[in-house]
Amino acid sequence: MKEKNKKFYITTPIYYVNDIPHIGHAYTTIAADALARYHRVKGEEVYFLTGTDENSQKNVEAAKKKGYKDIQKYVDEMSAKWQETWDSLGIANDDFIRTTEPRHLRAVKKFFETVYKKGDIYKGQYEGLYCPGCEAYVTEADLADGKCPNHKIAPRKIKEENYFFKLKKYEDKLLDYIEKNADFIRPEARKNEIVNYIANHLKDISISRVSQEWGIPVPIDEKQALYVWFDALINYLSGIGYAKDEKNFKKWWPADLHLVGKDIIKFHCALWPAMLMSAGLPLPKKVFVHGYFTIDGQKISKSLGNVVDPVELANKYGVDEVRYYLLREIPFGEDGDFSVARLEERYNAELANGLGNLAARVLTMCEKYFDGKVPPKTSGSVGRTWQSYEINMEKLKLHQALIDIWDLIAFCDQFINTEAPWHLVKVDKERLERVIYTLLETIRHMAWMLMPFMPITSDKIFEQLGLSLKTEKSKNFEKAKEWGGLASGKKIKKGTALFPRLE
Ligand code: MSP
């Protein structure tokens with residue numbers, strides 16, 4: 001019997017549409033895309049979901065500022081811009097969820113009713129502070145000089161009758177779950193942060209707001225709107241058919257990976273799991289928390305005027321080039337700094353002089369010494385690189401997997417220098433054949449390893465090696481990793497440089 005394909009359901013946060021995407025948002029989405037592509041390469045059935053968070057007050061304020069009376073029109077236009085951005089960055093998401101869609105409203109209604117029936121929602125008095133920038137309740141302790149340190153605004157005082165979710169009730173269960181499932185929250189430091197938060201600061205949470213014109217109505221009380229985070233988290237369910245297509249939902253849930261930035265871990269590692277426990281649903285297998293990009297050492301922010309548009313960047317340097325830089329620059333999980341100067345440095349050193357130069361050198365030698373025909377097959381292996389690369393991909397060490405590829409590039413450069421093909425051509429033609437075949441075939445393997453990160457480049461390399469894209473890419477993963485995939489006698493097609501040097 002054919003073994004059923006493994007499934008892999010991966011999500012990004014859904015983004016607020018109060019502005020267009022910047023390089024930080026692109027970072028999360030590109031990382032998710034690379035992981036989704038990797039699991040597809042492995043032959044798994046993948047569902048990659050991203051989308052927009054549209055019921056936020058932030059969106060309403062942005063719409064009004066820009067003179068929109070019709071909020072829906074504003075979020076429609078903005079959401080389309082986010083989708084376009086992802087398209088132009090080579091993001092191959094399987095679906096795009098918007099929280100103003102009927103499928104989401106239906107899911108939220110069902111979810112709320114389930115939790116309500118469970119007895120986990122009650123009416124109570126909320127009195128406290130709220131930061132509209134964070135869309136979160138805050139305490140005096142969270143503030144600096146009376147202002148939210150992230151948004152530099154004074155929080156609003158709120159006193160009203162709200163519906164509450166019994167978050168505190170789940171304290172022990174959450175701690176127990178996190179302890180028993182060592183891999184649930186990654187990296188380790190984030191897990192410790194969350195355990196501390198749950199053990200010391202968990203409180204029931206208000207999940208509705210009175211007199212709010214925008215938002216999903218509380219299913220049992222039309223006069224109140226749901227707190228945006230309570231609705232937003234449910235996107236991970238509505239995007240796979242919860243409350244609509246039970247079969248599809250069962251197929252994909254629980255998510256294999258929620259990818260989130262460090263700013264939103266309380267919501268994903270405390271509130272969300274508690275909501276799921278209350279609704280009687282299994283928890284996501286893993287929440288991976290990545291770090292934050294600053295720009296030249298500064299927080300990315302409109303008021304500082306340092307926002308970098310990922311599309312502009314990609315137009316200037318190329319889509320794959322930007323994807324490469326973002327995923328290579330900082331160890332996945334840690335914080336780091338973005339700078340155009342660093343991007344250009346990496347471009348010249350690692351893309352132009354590294355990968356691009358190696359490919360050009362090897363293809364040129366194949367043309368020169370063998371009339372552009374792949375020499376006879378010889379034995380060889382890149383098994384060790386594959387092994388390390390796969391371990392790193394599984395552990396989400398994306399930068400490390402890229403380093404594996406670049407180590408292989410350095411190895412090939414070294415190999416060329418020690419073998420000196422320009423000398424071999426005069427003295428040992430057989431050895432020259434072995435050297436050139438080894439190099440060409442190793443480059444084929446590199447193209448496979450690059451596929452999740454730099455899909456356009458990977459295709460170009462296959463074509464330059466004279467491979468049919470369709471045939472090569474339809475190979476299963478095990479076959480692709482075997483040595484000797486490049487057939488002898490085939491004509492290569494050198495073409496233009498992969499990465500022309502920047503001056
Ligand atoms: N709408 C909520 C998420 C709801 S998920 C159910 C939200 N949206 S957001 O538009 O503010 O996007 C937040 C995410 O964007 C972060 O978690 C992070 O993944 C990404 N980033 C935003 N700025 C970033 C950097 N400067 N650096 C890295 N990632 C950044 O929060």
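A: Start with a polar contact, a pair of N or O atoms within 3.5 Å. Here the side chain of histidine 290 has an N or O atom 3.2 Å from an oxygen atom of the ligand. The protein covers 94% of the 670 Å² of accessible area (Shrake-Rupley method, 1.4 Å probe) that the ligand has on its own. This is a predicted model, in which local features need pLDDT of at least 70, side-chain atom pairs count only at pLDDT 80 or more, and totals for chains, interfaces and linings use all residues. Residues are numbered from 1 along each chain as its sequence is written, and side-chain values use heavy atoms, with hydrogens and water left out.

Q: Which side chain has an N or O atom 2.9 Å from an oxygen atom of the ligand?

A: That of aspartate 263. Glycine 24 uses a backbone N or O atom instead, 3.2 Å from a nitrogen atom of the ligand.

Q: Which helix gives the most residues to the shell around the ligand?

A: Helices (H or I, at least four residues) are DSSP runs, numbered from the N terminus. H1 gives the most, four residues.

Q: Which residues of helix H2 are buried?

A: Buried means under 20% relative accessible area (1.4 Å probe, protein chains only). In H2 (residues 57-65) these are Gln57, Lys58, Asn59, Val60, Ala62 and Ala63.

Q: What caps the N-terminal end of H2?

A: Serine 56, with a side-chain oxygen 2.9 Å from the backbone nitrogen of lysine 58. Just after H2, glycine 67 has a positive phi of about 85 degrees.

Methods: Buried means under 20% relative accessible area, exposed over 50%, partly exposed in between (1.4 Å probe, protein chains only). Helices (H or I, at least four residues) and strands (E, at least two) are DSSP runs, numbered from the N terminus. A polar contact is a pair of N or O atoms within 3.5 Å; within protein, one must be able to donate a hydrogen and the other to accept it, and residues adjacent in sequence count only if both atoms are side-chain atoms.
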